Amino acid sequence: MRAMIGMAVMVCCAVQAAPNEKDAVALAEKGAQFVRTHGRAEMVARINSKDPEFNQGALYLAMRDLNGITVAHPTTALIGKNLLDVPDADGKLFRQDMVALARGPGRGWVDYKFRNPETGKVEAKRTFVLRVEDVALEAGIYKH
């Protein structure tokens with residue numbers, strides 16, 4: 001019986017919890033500190049190279065300028081593109097909301113639908129936007 005309980009504890013504790021809002025905020029703030037310390041160009045390189053410090057599977061950091069152009073993203077096909085007028089699966093122009101948050105209060109949340117890199121499916125997502133200097137850092141979580 002003890003062996004079974006021990007195994008159950010090991011299995012239980014080995015499962016990593018899905019990232020939550022606190023994790024997304026922490027990743028964006030970590031990115032902001034990195035930009036302040038090492039500069040924007042180094043942050044762009046880290047994001048685009050999928051550095052595990054800023055890319056943890058479904059939770060990753062992206063960067064957008066205040067005109068809506070994607071500066072850095074683990075999905076490199078998005079880099080250099082202005083997708084402000086491209087809606088999500090429900091027709092929401094969520095990138096416009098992200099830029100408005102960055103230009104306005106400088107931080108906040110945007111809800112929309114996006115392809116989860118771990119499942120390949122379009123899922124509900126909530127992204128924390130944090131302005132640092134002249135860019136917005138974005139870190140989102142998928143709501144299962």
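Is Arg46 buried, partly exposed or exposed, and at what relative accessibility? In this predicted model, Arg46 has a relative accessibility of 23% and therefore counts as partly exposed, since buried means under 20% and exposed means over 50%.

The side chain of Arg46 takes part in a salt bridge with Asp51, and the closest N and O atoms of this pair are 3.1 Å apart. Asp51 has a relative accessible area of 15%, so Asp51 is buried.

Helix α3 spans residues 40-48, and its buried residues are Met43, Val44 and Ile47. These three lie on the same side of α3, because the arc they cover around the axis is only 100°. The elements that cover the buried residues of α3 include helix α2 (21-38) and the strands β2 (59-65) and β3 (70-72). Just after α3 comes Lys50, which has a positive phi of about 60°.

Lys50 is also one of the residues touched by Asn55. Asn55 belongs to strand β1, residues 55-56. With a relative accessibility of 16%, Asn55 is on the buried side of the cut-off. Leaving aside residues up to four places away in sequence, Asn55 touches Lys50, Tyr60 and Pro74. A polar atom of the Asn55 side chain also lies 3.2 Å from the backbone nitrogen of Gly57.

The next topic is the salt bridges, of which the structure holds 12. One of them is formed by the side chains of Arg107 and Glu29, with an N to O distance of 3.0 Å. This pair links distant parts of the chain: Arg107 is in strand β4 (residues 107-115) and Glu29 is in helix α2, 78 residues apart. Arg107 is partly exposed, with a relative accessible area of 41%. Glu29 is partly exposed as well, at 38% relative accessibility.

Strand β4 also contains Asp111. Asp111 forms a salt bridge with Arg126, and the closest N and O atoms are 2.9 Å apart. Here too the pair links distant parts of the chain, with Arg126 in strand β5 (residues 122-132) and Asp111 in β4, 15 residues apart. The relative accessible area of Asp111 is 30%, which means that Asp111 is partly exposed.

Other salt bridges share partners, and these join Lys30, Glu42, Arg46, Asp51 and Glu53 into one network.

How values were computed:
Residues are numbered from 1 along each chain as its sequence is written. This is a predicted model: local features need pLDDT of at least 70, side-chain atom pairs count only at pLDDT 80 or more; totals for chains, interfaces and linings use all residues. Side-chain values use heavy atoms; hydrogens and water are left out. Buried means under 20% relative accessible area, exposed over 50%, partly exposed in between (1.4 Å probe, protein chains only). Helices (H or I, at least four residues) and strands (E, at least two) are DSSP runs, numbered from the N terminus. The arc is that of the directions from the helix axis to the C-beta atoms. Contact means heavy atoms within 4.5 Å. A polar contact is a pair of N or O atoms within 3.5 Å; within protein, one must be able to donate a hydrogen and the other to accept it, and residues adjacent in sequence count only if both atoms are side-chain atoms. A salt bridge is a side-chain nitrogen of Lys or Arg within 4 Å of a carboxyl oxygen of Asp or Glu.
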